[in-house]
Amino acid sequence: MKFLSKFLLLGLLVTGFVSPGMAAEERGTTEQAMAMVKKGISYIKEHGKEKAFAEFANTANKDFHDRDLYLFAYDLNGVNLSHGNNPKMNGKNLIDLKVGDRFVVKDMIAVVNSKGKGWIDYQWPNPVTKVLEMKSTYVEKVDNYFVGCGAYK
């Protein structure tokens, strides 16, 4: 019986030490998020924005959906043009969307209007864990809209 208890304890300890590393591998990185935005913008230039926005929203398209990474697009007035995780957001003006202490869409618009591209940090529900988590999102302006993708921390 003592052997079994020690074996179970060892298993729990090993699982506790291994799981965080495994969880990290299941998350996208900021580098991968930026690369996905660049890939999305290239797709827009090659196929047009309507086809691209449909593909950004298509969860079966693995070019634009990878673990907890997905693309989204907004116009500069705050209207969601495409959302890779929540199609209910499409077509809605979310300029006043506030999560925690941040007006997320307003902050993204400010970044792309002032610099053309950049990063913002905020809290957002993780599509994998379903928990509100910190997220670092890269956004890049294209014409009169922008494309973004974020990595959860």
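**Burial, ring pairs and contacts in a predicted chain**

Of the 153 residues in the chain, 38% are buried, where buried means under 20% relative accessible area, exposed means over 50% and partly exposed lies in between (1.4 Å probe, protein chains only). The model is predicted, so local features need pLDDT of at least 70 and side-chain atom pairs count only at pLDDT 80 or more, while totals for chains, interfaces and linings use all residues. Residues are numbered from 1 along each chain as its sequence is written, and side-chain values use heavy atoms, with hydrogens and water left out.

The chain holds four helices and nine strands; these are DSSP runs numbered from the N terminus, with helices (H or I) of at least four residues and strands (E) of at least two. Read from the N terminus, the order of elements is α-α-α-β-β-β-β-β-β-α-β-β-β. Among contacts in the chain with a separation of 6 or more, 51% are between residues 24 or more positions apart, contact meaning heavy atoms within 4.5 Å.

Helix H2 (residues 30-47) and helix H3 (residues 49-57) have axes that come within 7 Å and cross at roughly 140°. Such axes are lines fitted to C-alpha atoms, for helices over the stretch in contact, and the angles run from 0 to 180 degrees between N-to-C directions. H2 and H3 are therefore oblique to each other, since angles under 35 degrees count as roughly parallel, over 145 as roughly antiparallel, 65 to 115 as roughly perpendicular and the rest as oblique. On H2 the contact is made by Gly40, Tyr43, Ile44 and His47, and on H3 by Lys49, Lys51, Ala52, Phe53, Glu55 and Phe56.

Rings of Phe, Tyr and Trp (its six-membered ring) pair if their centres lie within 6.5 Å; planes under 30 degrees apart count as stacked, over 60 as edge-to-face and the rest as tilted. By this rule there are eight aromatic pairs. The rings of tyrosine 74 and phenylalanine 146 are stacked, because their centres are 5.8 Å apart and their planes lie at 20°. Tyrosine 74 belongs to strand S3 (residues 72-75) and phenylalanine 146 to strand S9 (residues 145-152), so this pair ties together parts that are 72 residues apart in sequence. Both tyrosine 74 and phenylalanine 146 are buried. A tilted pair is formed by tryptophan 119 and tyrosine 138, with 5.2 Å centre to centre and 55° between the planes. Tryptophan 119 is partly exposed, at 35% relative accessible area, whereas tyrosine 138 is buried, at 3%. Ring pairs also link Tyr43, Phe53, Phe56, Phe64 and Tyr145 into a cluster.

Glutamate 140 is placed in strand S8 and is buried, with a relative accessible area of 14%. Its side chain makes polar contacts with the side chain of lysine 38 at 2.8 Å and with that of tyrosine 138 at 2.7 Å. A polar contact is a pair of N or O atoms within 3.5 Å; within protein, one must be able to donate a hydrogen and the other to accept it, and residues adjacent in sequence count only if both atoms are side-chain atoms.

Serine 82, in strand S4 (residues 80-83), is buried at 1% relative accessibility. The side chain of serine 82 reaches the backbone oxygen of phenylalanine 53 at 2.7 Å. Apart from neighbours within four places in sequence, serine 82 is in contact with Phe53, Phe56, Ala57, Phe72, Ala73 and Asn90.
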